Structures are given as structure tokens and as C-alpha cells.
Amino acid sequence: MNHNDESYATILLASNIRPDREELAEPLTALEWHSLRSRLRKRSMRMSDLIGMDMSALAMRLELTQDEAYRAFLLLSRTLPMSICLEKLAMRGIDIVTYSQQDYPHLLRKRLGDSAPPMLYYSGRPEIFKQDAIAILGTRRVKGEIRDRIVSLIDMAIKAGYTIVIDATPDMSGLVQSEVTARHGRYIEVLPGELGNRIEIPDITAAIACGYANIVSMEHPDKPNSLESAQARNKMIYALVQAAFIFGAENNRGAVWHGANENLKKRWCQRFYVWENPAHEGNMTLIRRGATPFKDITPELFSQMRSLWAADASEQMSMFDNETPL
């Protein structure tokens, strides 16, 4: 992807060159970047206007403190090492999409507000971000009855044109990947880190090459997984989809459980379904807290669900169709 000055300014401000080395200035967090964006909009300025400014101009034009201006100046001055970094990432098949670009997932803007990531690292086709999507999440063990239900849901979703969004939970992610690619569908895998290692797995490399997969992360591709990153990843999963389905959650344990409970509070994704099975105590707790239970998803029921999601999408479009990101 070609990055214009607007996009490049965001990359300079919000990304690490290497996550294993301390830099002179810490990149801006999502909240800090959105705060800066708000300042710029009030002054009819753009991110690209900051490139080439000295400290005094940054402090005066944006009413920044000396420390804030110095930090921004250091970050914006990394043009040479950042260009080299981007070239190395591109050689590995990794690109960046920023908040201001058309390929950035629009639902992240609408649902996450000032906590939406300023940029995303990804490997795959960015067009996949534009497709309607559902999330399939849950248990590490996908055998027997639960496997059959998941495969049936995947089949109905792919036939209806939905992308499947997953995390990297063992067994579950492998099942979804194999079933989606066998049906020539599309999936997005959202990672809390280590994107660079993930895309080197042969099956995933092949899926990316064939246009079936988009592997995405808010974190630098070489940054290790962390609890903080996993929590940020969870909200991104729910914000990307029209509906989310959970097939197995452990009470008070694991990323699936914590992400589901956070979504119940924040409601990034309104259509939130949990398999009603007393053998999964965590599932029953989520249902008691407000998740919609399901047992068998027939084609008729899936069609009814799709009608609800389509109505949700139309309502969101009417609310935000005049907004242009800067």
C-alpha cells in the first residue's frame, strides 16, 4: 500500500521502529493520537502538516507543552529509519493501514471512537476489511457435537458472503481456517502480537497468497504477546463484526471470557450469541449477563439473524454516512 503524507505522519507518531529497542520518544497511544487529531481539526489542520515542523512551531500552533512538542518532534524526525522499517516489513509481506485511509475498517472508527487504533499492521488483502463479518470464538477443543455446529455455522456464513473473524485460539482457529479456505471464503485473524511469526506458518502463508486470509494486529509484527495487547485485541474483534458467536467460555478465565464480558458492558457488537449448553458453565454465566442464547442454528434461523444484522448496518450507515476521517 502506498502511504501519502497524511498516513505517513500517523505512522511516524504512533508506531515503533523496533519493539525490542528503547527509542528516544515513546510513540503516541491511541488516546494521545486522537487527542492530537482533535487539536488539528479545531485548527483546520491535518497530520501531514506536522511533517517538517520544528519544536517551536509544534508548540505554538498546537498549544503543546515543551515536553509534548519535543516528543512529537522526535517522533516526526524518524523519517529515514521509519522508511527502512517499512521497506523491511513490505519484504515480509506486511503492510500498514492508517485511520485516515479508505481501507481502514470503518466499524472500528464508528464503534471504538477515541480508542480506535491509529494504524493496523496486516498481511493479506485489505479489501477483506470491507466485507460483512461474524466472529466465531471459544473453546480450544473442537470435537464431536461442537465441531459439527461450528462447521455448520461456517458453511451458512460463507454461503451468505460473510467473512469469519477469529483469534488465534488453538484448534478453533485451525478449524475455521481449514473450513473457510475449503469453501473459498475469507477470514480475518486478529492477533495480540507476533504477527511476523504467525504469517510464516505454511497453511497461513498459503491462505494469504490465495486471498483467503487477512492477518491483522494493532501491535508491531515483532512484538511478543501480552495481556494488555490481548485485551485490546478483544475489543477489536467485536468492533469488526455484525455478530459474534461463542461456543465455549471458561468462567473467569481466558481471553474469550474476558473479551465477552467486556463486550457485554461496552456493546461494541450488539448481536452477541452464546451456545446454551449447561456443560459450559462460562457460557451459562454469559447468557445470564445478557448474551443471546442459541442451541441449533438452522438456515431459517440464520436468515432471520441476518435480517437483524442488515437492519443494524443500515441504521449505522444513516448515522455516520456524512463523516469523513481526517
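Helix α13 is mostly covered: six of its eight residues are buried. Buried means under 20% relative accessible area; exposed means over 50%, and partly exposed lies in between (1.4 Å probe, protein chains only). The buried residues of α13 are Gly282, Asn283, Met284, Thr285, Leu286 and Ile287. They pack against β7, α12 (254–266), β8 and β9. Gly290 follows α13 and has a positive phi, near 130 degrees. Helices (H or I, at least four residues) and strands (E, at least two) are DSSP runs, numbered from the N terminus.

The model is predicted: local features need pLDDT of at least 70, side-chain atom pairs count only at pLDDT 80 or more, and totals for chains, interfaces and linings use all residues. Residues are numbered from 1 along each chain as its sequence is written, and side-chain values use heavy atoms, with hydrogens and water left out.

Next, the sheet. Nine strands form an open sheet with mixed pairing, in the order β1-β2-β6-β5-β4-β3-β7-β8-β9. Two strands pair if DSSP finds at least two bridges between them. The edge strands, β1 (95–98) and β9, each pair on one side only. On average, neighbouring strands of this sheet are turned by 30 degrees against each other, direction ignored.

Axes are lines fitted to C-alpha atoms, for helices over the stretch in contact; angles run from 0 to 180 degrees between N-to-C directions. Contact means heavy atoms within 4.5 Å.

The largest nonpolar core has 109 residues. Such a core is a set of buried Ala, Val, Leu, Ile, Met, Phe, Trp, Tyr and Cys residues joined through side-chain atoms within 4.5 Å. The residues with the most contacts inside it are Leu50, Ile134, Ile164, Phe245, Ile246 and Phe247. Helix α7 (residues 144–159) gives the most to this core, with eight residues. Not counting residues up to four places away in sequence, Ile164 touches Ile134, Ile136, Ala157, Ile158, Val176, Val180, Arg186, Tyr187 and Ile188.

Gln177 is in helix α8 (residues 172–182). Gln177 counts as buried because its relative accessible area is 12%. Leaving aside neighbours within four places in sequence, Gln177 contacts Ile166, Tyr187, Glu189, Arg198 and Ile204.

Aromatic rings come next. The whole structure holds 13 aromatic pairs. Rings of Phe, Tyr and Trp (its six-membered ring) pair if their centres lie within 6.5 Å; planes under 30 degrees apart count as stacked, over 60 as edge-to-face and the rest as tilted. Why is the pair of Tyr238 and Phe272 edge-to-face? The planes of Tyr238 and Phe272 stand at 90 degrees, with the ring centres 5.7 Å apart, so the pair is edge-to-face. This pair links distant parts of the chain, 34 residues apart: Tyr238 is in helix α11 (residues 227–239) and Phe272 in strand β8 (residues 271–275). Both Tyr238 and Phe272 are buried.

Phe245 and Phe294 form an edge-to-face pair, 5.7 Å centre to centre with 75 degrees between the planes. Here too distant parts of the chain are linked: Phe245 lies in strand β7 (residues 243–246) and Phe294 in strand β9 (residues 292–294), 49 residues apart. Phe245 is buried at 0% relative accessibility, and Phe294 is buried at 4%. Both belong to one aromatic cluster, formed by Tyr162, Phe245, Phe247, Tyr273, Trp275, Phe294, Phe302 and Trp309.

Finally, two loop residues. Most residues other than glycine have a negative phi. Glu63, in the loop between α3 (55–62) and α4, has a positive phi of about 55 degrees. Glu63 is exposed, with a relative accessible area of 59%. Glu194, in the loop between β5 and α9 (195–198), has a positive phi near 60 degrees. At 32% relative accessibility, Glu194 is partly exposed.
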